[in-house]
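Keep the model open as you read.

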Amino acid sequence: MTMKFLYQGNAARIVFGLGASADVGRWLVELGCKRALVLSTPHQAADGEVLAKRLGGLAVGVFPGATMHTPVEVTERAIAHAAALDADCVVSLGGGSTTGLGKAMAYRTDIPQIVVPTTYAGSEVTPILGQTEGGIKTTLRSPKVVPEVVIYDAALTIGLPVAMSVTSGLNAIAHSAEALYASDRNPITNMMAVDGIRALKEALPIIVDKPQDMEAREKALYGAWLCGTVLGQVAMSLHHKICHTLGGSFDTPHAETHAIMLPHTIGFNAAAVPELLQPVSDIFGGTPGQSLYDFAKSIGSPLALRDFGLSESDLDRAAEIATRNPYDNPRPIDRDSIRSLLQDAWGGRRPP
Ligand code: NAD
């Protein structure tokens, strides 16, 4: 077999370890920063304050205004706040929404970022930025948005509620499952994808039983790093396209949408490339779509889109939007087959 590929890593420093978030100050100094603005959502504002306090003179304040979909007006407010405080870097403490805000600020101002992730979404290791303006969500790729330092500390994920751990973990698995058949995949992304899926498959059931199990939390975060990394390195296909459509046009929640769609999109593509999805069969023990569905069900994941505000009459339009522009996918896509896949996901049916 001959091999030909391009491998391109992102120039970020990844610091992994229990208690590693205690070193945020050291990494600020390493970056030459002295005046950090801590970012969080309103929900994690207290955690942001604790972190800022711990940084002492190295932090100038907290902006607890991060929100879903990275609205441009929030980014502009955060940039004005950073300028008023003369901040020279941001420390993003939280999930994809908070990381998104830091990346949107860096895109406009080049402000350095340290990210301390508390979910499994993976945005901290991708050059991708999604933003909304006037109700329209757009996505761009730029090396400018890649955070300089990412600090993974499983202790900060202990408080991630079980339901969110499940959906966020399945969101991460989706990145790796699609990476396995990406047309620009390479041996490194394949290794990372398989190891990432395996780590989450092993960790999530333990987290559901014992949310405080630090070893499982650590394994899940490790898997999330790998899955996020491949998301940033290779092209995503049908699964991410449909989830983007549902989130962007119908406002369905991010992680839940990924969790529900995963068995259906991967099951659909498995019919075309079973050999590329063999690792999924090996890890979950069955055909990719059905075994992912059974796994999601066993860990208490939501299974039906109809439980998230989507009405059956939205499905025609969703299928139309998701198939409007051509994109890379291992199995040809047509409106009818996507409509039927959406119908199964809407009703929570086990994929065929
Ligand atoms: P989120 O960041 O919106 O977090 C959801 C809620 O959970 C928030 O209120 C948050 O404060 C809270 N939370 C987070 N961690 C917690 C913890 N440990 N304990 C308690 N509460 C916690 O959710 P998400 O799924 O991480 O991110 C979703 C967003 O990220 C979407 O907008 C998505 O588009 C984006 N995203 C972007 C990329 C990318 O590469 N650009 C990748 C993945 C996700």
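A quick word on terms: two strands pair if DSSP finds at least two bridges between them. Strands (E, at least two residues) and helices (H or I, at least four) are DSSP runs, numbered from the N terminus. What you're looking at is a predicted model, where local features need pLDDT of at least 70, side-chain atom pairs count only at pLDDT 80 or more, and totals for chains, interfaces and linings use all residues. Residue numbers start from 1 along each chain as its sequence is written.

Start with the sheet. It's an open one of 6 strands, in the order β1-β8-β5-β4-β2-β3, with parallel pairing. β1 (13-16) and β3 (59-63) sit at the edges with a single partner strand each, so one side of each has no neighbour in the sheet. From one strand to the next, the twist averages 20 degrees.

Now zoom in on β5 (residues 113-117). Its link to β4 (residues 89-94) consists of 5 bridges, and the two strands run parallel; S92, for instance, has V115 in β5 as its bridge partner. In a regular strand, side chains alternate between the two faces of the sheet. In β5, Q113, V115 and P117 point one way while I114 and V116 point the other, and all are buried (20 or more other C-beta atoms within 10 Å of a residue's own; 12 or fewer is exposed, in between is partly exposed, with C-beta atoms placed from the backbone).

R35 counts as partly exposed because it has 16 C-beta neighbours inside 10 Å. R35 and A59 are 24 residues apart in sequence, yet their C-alpha atoms are 5.2 Å apart. Setting aside neighbours within four places in sequence, R35 is in contact (C-beta atoms, placed from the backbone, within 7 Å) with V60, D86, A87 and D88.

Finally, the helices. α5 (residues 162-180) and α7 (residues 214-233) pack at about 45 degrees with axes 8 Å apart; axes are lines fitted to C-alpha atoms, for helices over the stretch in contact, and angles run from 0 to 180 degrees between N-to-C directions. Residues making the contact include G169, A172 and I173 of α5 and A220, G223 and A224 of α7.

Terms used. Two residues are in contact if their C-beta atoms, placed from the backbone, lie within 7 Å.
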